[in-house]
Amino acid sequence: MAVTPILEIERTRKWRADNQERCDFLNARRYKRNREEIIRKNGEWDKQNPLARYVRNAVCLALKSGKIEKPTTCSLCDKDGDLQAHHKDYQLPLDVIWLCRSCHKREHIGVTP
Ligand SMILES: [Zn+2]
Ligand SMILES: [Zn+2]
C-alpha cells in the first residue's frame, strides 16, 4: 500500500519532533552549562560581596552615628586625602583601619612597603 500524503505529513512531523527534541536537548545542555557557569561565578561573587556590602554599610552607619571616627590621615603612611576603610576581618565590621588609596591597594595585594 502506497504511503498516503497524510502519513507522509505525519512522518515529517515526527521527524521534526525528533529533531526538535534533539535541538531542545542541545539547547538545554548548553543552557545548563551556562547556568552552572553563571551560578558558579555569581556564587563566588556572592561569597565575597554581600558581606563586603554589609560591612561597608555598617561602617557608614557607625560613622554617621559617631560610633567610629574617620581619621584624616592614612594609618600606614600618614598621607591625608581620600581614606578608605580596610577590614582585617569582615566578621568584625567596625574593626577597621583607614588607609589611603595606595596603601589600601597594597594591603590587598599583600605587599608591604
Ligand atoms: Zn597610605
Ligand atoms: Zn580593604
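Modeller: In this predicted model, residues 24 or more positions apart make up 42% of the chain's contacts with a separation of 6 or more. Local features need pLDDT of at least 70 and side-chain atom pairs count only at pLDDT 80 or more, while totals for chains, interfaces and linings use all residues. Residues are numbered from 1 along each chain as its sequence is written, with chains lettered from A and ligands numbered from 1 in the order in which they are written.

Biologist: What makes two residues a contact here?

Modeller: Their C-beta atoms, placed from the backbone, lie within 7 Å. By that rule Lys-79 touches Thr-73, Cys-74 and Cys-100, leaving out residues up to four places away in sequence.

Biologist: Why is Lys-79 called partly exposed?

Modeller: Buried takes 20 or more other C-beta atoms within 10 Å of a residue's own, exposed means 12 or fewer, and partly exposed is in between. Lys-79 has 14 C-beta neighbours inside 10 Å, so it counts as partly exposed.

Biologist: And where does Lys-79 lie?

Modeller: In the loop between helix H1 (5-65) and strand E1 (84-87); helices (H or I, at least four residues) and strands (E, at least two) are DSSP runs, numbered from the N terminus.

Biologist: What makes a set of residues a nonpolar core?

Modeller: They're buried Ala, Val, Leu, Ile, Met, Phe, Trp, Tyr and Cys residues joined through C-beta atoms within 7 Å. The largest one has 10 residues, among them Val-55, Cys-74 and Leu-99. Strand E2 gives the most to this core, with 3 residues.
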